[in-house]
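Student: I have a new structure to look at, and I would like to learn how to read it. Could you walk me through it?

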Amino acid sequence: MYMKKLFLIAAMAATCFAAKAQDLKFAHVDFSELVQLMPEMDKAREVTDAASAEAQETYEAMYQEFQTKYQAYQKNSATWSNTIRETKEKELADIQTRLQEFQQTVQQELQAQQQQLIAPIYQKAQEVVNQLAKEGGYIYVVDKTSMLYIDDKLSTDLTPAARTALGIPEDRTLESLQAELQAKAQANQAQ
């Protein structure tokens with residue numbers, strides 16, 4: 001990551017020196033803010049939250065089955081024959097294996113689903129930034145979260161224009177989004 005930033009800075013410096021006579025325009029954008037606040041991201045969060053909740057319910061039902069059978073095993077194993085006890089132990093081991101496999105598989109599926117939902121959102125945001133850069137005649141647009149320093153007098157912030165183009169309300173901020181998500185999480189916990 002450090003080498004990537006260093007290369008980007010060196011490339012920008014080389015471009016500046018090579019084209020002193022030209023009036024070069026630079027811009028920056030808070031790409032993460034754009035993506036997180038897009039209305040499409042809200043829908044993606046709803047889908048992934050619902051899938052995650054469903055997976056959690058399924059896991060809890062499986063775990064409850066294990067707990068019930070384990071308690072019965074503890075209560076009755078002293079009175080069972082060896083064959084019954086071994087059968088019950090194997091059944092408990094199988095349930096534990098299914099629980100572990102379910103956790104691993106569902107985690108991978110949820111991550112894949114999230115990537116599938118988010119990819120077009122990132123693409124849309126990138127296309128808007130590209131369009132604004134071309135229309136404004138900017139030679140570089142950098143993500144301000146990955147830069148150590150940006151001189152606002154020499155670099156234009158495209159975030160407000162991109163927010164408008166993406167349909168993000170002016171009053172919506174990362175802080176208001178965080179508050180929304182916390183309120184939703186608290187409401188879900190109360191249920």
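Tutor: Gladly. We start with contact, which means heavy atoms within 4.5 Å. In this case, Leu34 touches Val29, Val129, Thr159, Ala162, Arg163, Leu166 and Ile168, leaving aside residues up to four places away in sequence. Please keep in mind that this is a predicted model, where local features need pLDDT of at least 70, side-chain atom pairs count only at pLDDT 80 or more, and totals for chains, interfaces and linings use all residues. Residues are numbered from 1 along each chain as its sequence is written, and side-chain values use heavy atoms, with hydrogens and water left out.

Student: Which secondary structure does the protein have?

Tutor: Helices (H or I, at least four residues) and strands (E, at least two) are DSSP runs, numbered from the N terminus. Here there are six helices and three strands, and along the sequence they follow the pattern α-β-α-α-α-β-β-α-α.

Student: Which residues have the most contacts inside the largest nonpolar core?

Tutor: First, buried means under 20% relative accessible area, exposed over 50%, and partly exposed in between (1.4 Å probe, protein chains only). A nonpolar core is a set of buried Ala, Val, Leu, Ile, Met, Phe, Trp, Tyr and Cys residues joined through side-chain atoms within 4.5 Å. The largest one here has 22 residues, and Leu34 and Leu166 have the most contacts inside it. Two or more of its residues come from each of strand S1 (26-29), helix H2 (31-37), helix H3 (39-76) and helix H4 (82-136). H4 gives the largest share, seven residues. Apart from this core lies another of seven residues, including Met62, Tyr73, Leu92 and Leu99.

Student: How many aromatic pairs are there?

Tutor: Rings of Phe, Tyr and Trp (its six-membered ring) pair if their centres lie within 6.5 Å; planes under 30 degrees apart count as stacked, over 60 as edge-to-face and the rest as tilted. The whole structure holds six such pairs. One of them is Tyr63 with Phe66, tilted at 6.4 Å centre to centre and 35° between the planes. Both residues lie in helix H3, three residues apart, about one turn of the helix. Tyr63 is partly exposed at 37% relative accessible area, whereas Phe66 is buried at 9%. Tyr73 and Trp80 also form a tilted pair, with 5.9 Å between centres and 55° between planes.

Student: Are Tyr73 and Trp80 buried or exposed?

Tutor: Tyr73 counts as buried at 14% relative accessibility, and Trp80 is buried at 19%.
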